[in-house]
Amino acid sequence: MMPLTLAKAGEERCIRQIGGRTEVRQFLESMGFVAGTMVTVVNEISGNVIVQVKDARVAISKEMACKIMV
């Protein structure tokens, strides 16, 4: 397992675990980041990432991406 920030652009990965406080986990789950879901890294800029999850593109900060383990 590794944090989403280490995935390269174009790679499709399966979410294994979401870390952080309850509020953070609920926020990420509301955007579609749920264990077992496939995500694709579209682009990475200064650690911040744009990902494709459940037919939607979402930009998340480096801190949030570190809490998503793939």
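Phenylalanine 33 is in contact (heavy atoms within 4.5 Å) with Ile15, Ile18, Leu28, Val39, Val51, Val53, Val58, Ile60 and Ile68, leaving aside its neighbours within four places in sequence. You are looking at a predicted model, where local features need pLDDT of at least 70, side-chain atom pairs count only at pLDDT 80 or more, and totals for chains, interfaces and linings use all residues. Residues are numbered from 1 along each chain as its sequence is written, and side-chain values use heavy atoms, with hydrogens and water left out.

- Buried means under 20% relative accessible area (1.4 Å probe, protein chains only), and 33% of the 70 residues of the protein chain count as buried.

**The fold**
- The protein chain has two helices and six strands, and its pattern along the sequence is β-β-α-β-β-β-α-β.
- Helices (H or I, at least four residues) and strands (E, at least two) are DSSP runs, numbered from the N terminus.
- In the protein chain, 55% of the contacts with a separation of 6 or more join residues 24 or more positions apart.

**The overall size**
- The C-alpha atoms fill a box of roughly 30 × 25 × 20 Å, taken along the principal axes.

Methods:
Buried means under 20% relative accessible area, exposed over 50%, partly exposed in between (1.4 Å probe, protein chains only).
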